[in-house]
Amino acid sequence: MIRFEHVAKRYPGGIQALSDVNFDLHKGELAFLTGHSGAGKSTLLRLIALLERPSRGQVLFDGRNVGKLARRHIPYLRRRIGVIFQDHRLLSDKKVFDNVALPLMIAGVSYSEIRRRVRAALDKVGLLDKENMYPPMLSGGQQQRVGIARAIIGKPPLLLADEPTGNLDPEMSADLMNYFLQLNEVGVTVLIASHDLELIRQLGRRVLVLKNGAMIDDLPSRHQPTVSDHGQS
Amino acid sequence: MEALPGAAGLRAWARRHAYSFLSSLGALTRQPIASSMTLIVLAVALTLPTALHVALDNVRAISQSWERLDTLSVFLTADIDENEARRMGSRLTLWEEIAAIDPISPEQGLADVTGQLNLGNVSEELASALPENPLPWVLEITPEDDTVLTALVDRLEREAGVSSVVVDLKWLERLDAMVAVVGQLVLLLAALFAVGVAFIVANTIRMDIQNRREEIEVMSLVGATPPFIRRPFLYTGLWYGLIGGTLAWLIVWFGLIALEGPMGELSGSYNADFTLSPPSMEIAALLIAGSGLFGVLGSWLVVNQHLRRINP
């Protein structure tokens, strides 16, 4: 689904954020992206969502070279990617309902459909009773879950999360990771940037390690899908 | 798993537009003080050229009505008597530039002059004091509406028996020239203020964009197209322009009402019947639509500049 071929990103001012990064992320996979802060995790995610263009190499999304995508096609690429940020990026002057509904409003979905789907998404993250609240009234973990609801409302095939557990306590972090695992089980490809090494090791999924802008390790998943796994929900 | 490539079709389009429309109204009402200040600046700025245009229109109308009333006085030479004067008068009525001719005898002329000078009883004394009436026969000519007066004057002066043709039109010509100058000024001012409107709106929208920077970024992140992000701001610019133009028109309208009383007194003192005519519907429409257009233009400028920064 995603393939990086010799990707380099140099910011104006000479900062080399990524150099010669190569990896493949297959459809339906869940992987962690880890490394020290400043290792280039955010840059890598930003290249996929085309918030930045690579300086060299190719970023392929479903076989298409994202870096060469015309500006007018960018919005349609972003609609196929759900992005979750450490700082939530919620609109504080809009209700939770409207925050989650935003991608559907943009796509021009009918109001009754929006209503149905927003409710379903909020239900999934356990915040159905908070739909009329404003984000600043919620706890950090709840805000992050609103961000997840917004990211998944459009049913994107790919979910990117940038330090989603950065501001949360361990219990909430584990909870949150469970949401991602559940989403992955229904077929969403997930890439999570995180430096919560403890949590990552517990889950035993594929781990990509960045250091100073280079991909230094790619640990395969120890996770074996079992019948009982699929039986859970 | 269905993704969201963008619901197509007319209904989706209409829904997206409805969203932009409502969101633009929200922008105006969210900061009522800031937006009303902008509106007042716009209204005042637009009032100036509009008021000038209305004033000019009225002066033009008055000067035209004066021109139509104006007559030429053809002074005949002293040796022409009543018969000859009347014969000449009936001959000139055949000219197509001339609408009517009124021959004035020297006696009547003298009476008019003394009457106009308001000399009262003195006039009779004056008339009797003169050894003989110094005035010649005069033909008072009312030209047709579309006559070129200077050409008619030339032609009359070439006639035998005509001593001089008096047209007191110099001041009217000057007025016309002045009206033309001011008319040009109105056009220049209108152009200048149109640009002003665009930039006032641009500046206001720029601040609005600053305040909503995060919202714009988030919308862009979740896949809003640039036209979708741009549209509420264009609507906001349109509202500013339309409302500002309408306010300017109202200000001019109320100004005219306020001037009505003094104007009546002024025209009464001249024994005339001037009334101020309000701006024509065309001008009102031009003002409002024009300022709306330049409002959109102004917001287009800033929004595009900003969007370029978000989408690399």
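Trainee: Before I look at the helices, what makes a crossing left-handed or right-handed?

Mentor: Look at the near helix against the far one. If the near helix is turned anticlockwise from the far one by less than a right angle, the crossing is left-handed; if clockwise, it is right-handed. Keep in mind that this is a predicted model.

Trainee: OK. Which hand is the crossing of helix 3 and helix 4 in chain A?

Mentor: Right-handed, for helix 3 of chain A passing helix 4 of chain A.

Trainee: At what angle do they pack, and how far apart are the axes?

Mentor: Helix 3 covers residues 96-107 and helix 4 covers residues 111-124. They pack at about 125 degrees, with axes 10 Å apart. The two helices of chain A are therefore oblique to each other.

Trainee: Which residues meet there?

Mentor: From helix 3 of chain A, Phe97(A), Val100(A), Ala101(A), Leu104(A) and Met105(A). Facing them from helix 4 are Ile114(A), Arg117(A), Val118(A), Ala121(A) and Leu122(A). By class, that contact has nine nonpolar residues, one charged and no polar.

Trainee: Switching to strands. How do strand 1 and strand 2 of chain A pair?

Mentor: Antiparallel, over seven bridges. Strand 1 is residues 2-11 and strand 2 is residues 15-25. For one position, Lys9(A) stands opposite Leu18(A) in strand 2.

Key. Residues are numbered from 1 along each chain as its sequence is written. Chains are lettered from A and ligands numbered from 1 in the order in which they are written. This is a predicted model: local features need pLDDT of at least 70, side-chain atom pairs count only at pLDDT 80 or more; totals for chains, interfaces and linings use all residues. Two strands pair if DSSP finds at least two bridges between them. Helices (H or I, at least four residues) and strands (E, at least two) are DSSP runs, numbered from the N terminus. Axes are lines fitted to C-alpha atoms, for helices over the stretch in contact, and angles run from 0 to 180 degrees between N-to-C directions. Angles under 35 degrees count as roughly parallel, over 145 as roughly antiparallel, 65 to 115 as roughly perpendicular and the rest as oblique. Two residues are in contact if their C-beta atoms, placed from the backbone, lie within 7 Å. Ala, Val, Leu, Ile, Met, Phe, Trp, Tyr, Cys and Pro count as nonpolar, Asp, Glu, Lys and Arg as charged, and the others, Gly among them, as polar.
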